[in-house]
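Reader: I have the sequence and the coordinates open. Please take me through the fold, the packing and the chain contacts.

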Amino acid sequence: MQEEPEDLVVAAAQSGDLAAFNQLVSNHEQRVYNLAYRMLNDAEAAADATQDAFFQAYRALSQYRGGSFKSWLLRIASNICYDRLRSRNRRPTTSLDEMIEEAEKVGGADLGLLEDHQSDPVDFATRRELARELAQALQSLPDEQRIVVILSDVQGMSYDEIVYITGASLGTVKSRISRGRLKIREYLNKSKELLPGDLRQ
Amino acid sequence: MNKPRLIKEWDETEAHRDQWLPLLLDFQDGTLGASERANLEKHLKECGICQSDLDGMRQTVTLLHRLPEQTVPRSFAISPLQARRLKPSPIYRFSEFAAAIAAALLIFAFAFDLAGTFTPAPPVKQAVVTTADPTATLEPVGTLAISGDNNTTGAVQALGNVPVTPQTAQATATPTSATATALAATQSSGPDLRVIEIALVIATVLFTVFAVVSRPRAPGRLKI
C-alpha cells in the first residue's frame, strides 16, 4: 500500500526532482540514523554517516533499479558504517575509557528503555544502568554480528532484507543473529539484577 | 589439568550449538515443520544447553525490541547547493571510461609495437595491373595509396571491380599509354607511422592523467 507511492517518489527523484528526493530522506532518515547510531555508538559520528549515506544515495540514484528503496538505502548506510569502523580500528584515537563513556552516554539516551508494561514503577537508576549495559552488550559483538542483530531485533527487518543489506547468505545471517543474541545474553547475565522482573530467571 | 578439560567442554558445547542453534532460531521464529518441531521439543526436555540458549535468545529479543528509537538530531535533507555539487557532470561520467580508454590505447600501442608495425619496412615494388583494353575491368587490387615517393610514377586507386571508361582510364593511367599500368609504390611510409605511434602514446598519457585527476572520490570522504 505504501510502496506504490514511494516508487513514484523515487521515479520523480531519479528524474531530478530534489524535493522528491528530500521526501525520501524524510521518510528514512530516522531508520538510517538509528542503524548508524547503534553501529558506531556515537551520536555525532552517526549523524555524519547518515548525511554521507544520503549524499551517496543521491549520487547513485540512477543505479537504483527497483526493489525496496529502504533496503537499498540501508545497504549504502551499512557500507559507510563498516568503512568508519575500519578506519577507526586503523587509527584507534579513542581510549577504552572514552568508549565506555560514550556507551554510557548512549545508554543515557535510552532512558525510555524497558518501560514496564505492567505499569510497575521501575527505578530510574536501574533503567539507566540496564540501558548502559545493553548498549555495551551490543558494542561487545563483532561488527558483522552487531549489524544483523540491530537490523533484525532492533529494526525488525526480515531475513531477506538483511541478506540484501549485508550481502551475506541466509545461513550466515541466521547464524550471526543466533550467536549475537547468545553473546548479548551472556553479557547481561553478569548483571542479572538489572533485568526487569518479567525477564529475570 | 583443569584447563584442557574446560576447553574440551567448551568445544563440545560449541559443536552442540552448531548443530542445534539453527533449529532453535527457526523454532523461535515459528517456521519449523511439524516433525522437526516435535523432535526439538523432545530434545529441549533433555538438553539444558539448548533450553538455556532458547530462553536467552528470547530474553535478548524482548530487551532489544524495547530499545527506543533515537530521534534524529537534525534534518538530513539535501540543499540545492549541495545537490548541484553532488550532481555528476558529463566530465565526471566520462572519467569513468577514461581509464578504460587509456588501457585500451596502451594495449594497442604495445601490440602494434610488438608486431613491428612501427618499424619501417624495406621498400617493395609491386606491378599490379596490366591491361591492354582501356574499357576492361581492372582487377581488384585493394587500396594502393601512393604518396610522393621517389619511386612513384602515378596514383591508382582501384576499389573492387570498377569498370574503367576511357575517360577514367585517361585520368588514372599514364595519358600517353594505351596500356593502363599501375605501379604500386613502396609501402614504406615510416614517418607517418611514427606520427601515429607518438599520437597513441600522447593519447594514452592524456587519458591516464584525465582518469586520475577526475576520478570519483572514495565513498565516505565526500564533504560538502
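Author: Helices (H or I, at least four residues) and strands (E, at least two) are DSSP runs, numbered from the N terminus. This is a predicted model, in which local features need pLDDT of at least 70 and side-chain atom pairs count only at pLDDT 80 or more, while totals for chains, interfaces and linings use all residues. Residues are numbered from 1 along each chain as its sequence is written, and chains are lettered from A and ligands numbered from 1 in the order in which they are written.

Reader: How many helices and strands does chain A have?

Author: Along the sequence, chain A reads α-α-α-α-α-α-α-α-α. The count for chain A is nine helices and zero strands.

Reader: What percentage of the residues of chain A count as buried?

Author: A residue is buried if 20 or more other C-beta atoms lie within 10 Å of its own, exposed if 12 or fewer, and partly exposed in between, with C-beta atoms placed from the backbone. Chain A has 201 residues, and the buried part is 40%.

Reader: Which residues does A:Ala137 touch, not counting residues up to four places away in sequence?

Author: A:Ala137 sits in helix H6 (residues 124-140) of chain A. A:Ala137 is buried because 25 other C-beta atoms lie within 10 Å. A:Tyr187 is 50 residues away in sequence, yet the C-alpha to C-alpha distance is 5.8 Å. Counting two residues as in contact if their C-beta atoms, placed from the backbone, lie within 7 Å, A:Ala137 touches A:Ile184, A:Tyr187 and A:Leu188.

Reader: Is A:Ala43 buried or partly exposed?

Author: A:Ala43 belongs to helix H3 of chain A. Leaving aside neighbours within four places in sequence, A:Ala43 is in contact with A:Tyr37 and B:Pro73. As 17 other C-beta atoms lie within 10 Å, A:Ala43 is partly exposed.

Reader: Why are H4(A) and H8(A) described as oblique to each other?

Author: Two packed helices are described by the angle between their axes and the distance between the axes. Axes are lines fitted to C-alpha atoms, for helices over the stretch in contact, and angles run from 0 to 180 degrees between N-to-C directions; the axes of H4(A) and helix H8 (residues 159-166) of chain A come within 8 Å and cross at roughly 45 degrees. Angles under 35 degrees count as roughly parallel, over 145 as roughly antiparallel, 65 to 115 as roughly perpendicular and the rest as oblique. H4(A) and H8(A) are therefore oblique.

Reader: How many residues of chain B are in contact with chain A?

Author: On the chain A side, helix H2 (18-40), helix H3 (43-59) and helix H9 (170-189) are among the elements that give two or more residues. Ala, Val, Leu, Ile, Met, Phe, Trp, Tyr, Cys and Pro count as nonpolar, Asp, Glu, Lys and Arg as charged, and the others, Gly among them, as polar; that side divides into 20 nonpolar, 11 polar and 10 charged residues. Chain A brings 41 residues to the contact, and chain B brings 34.
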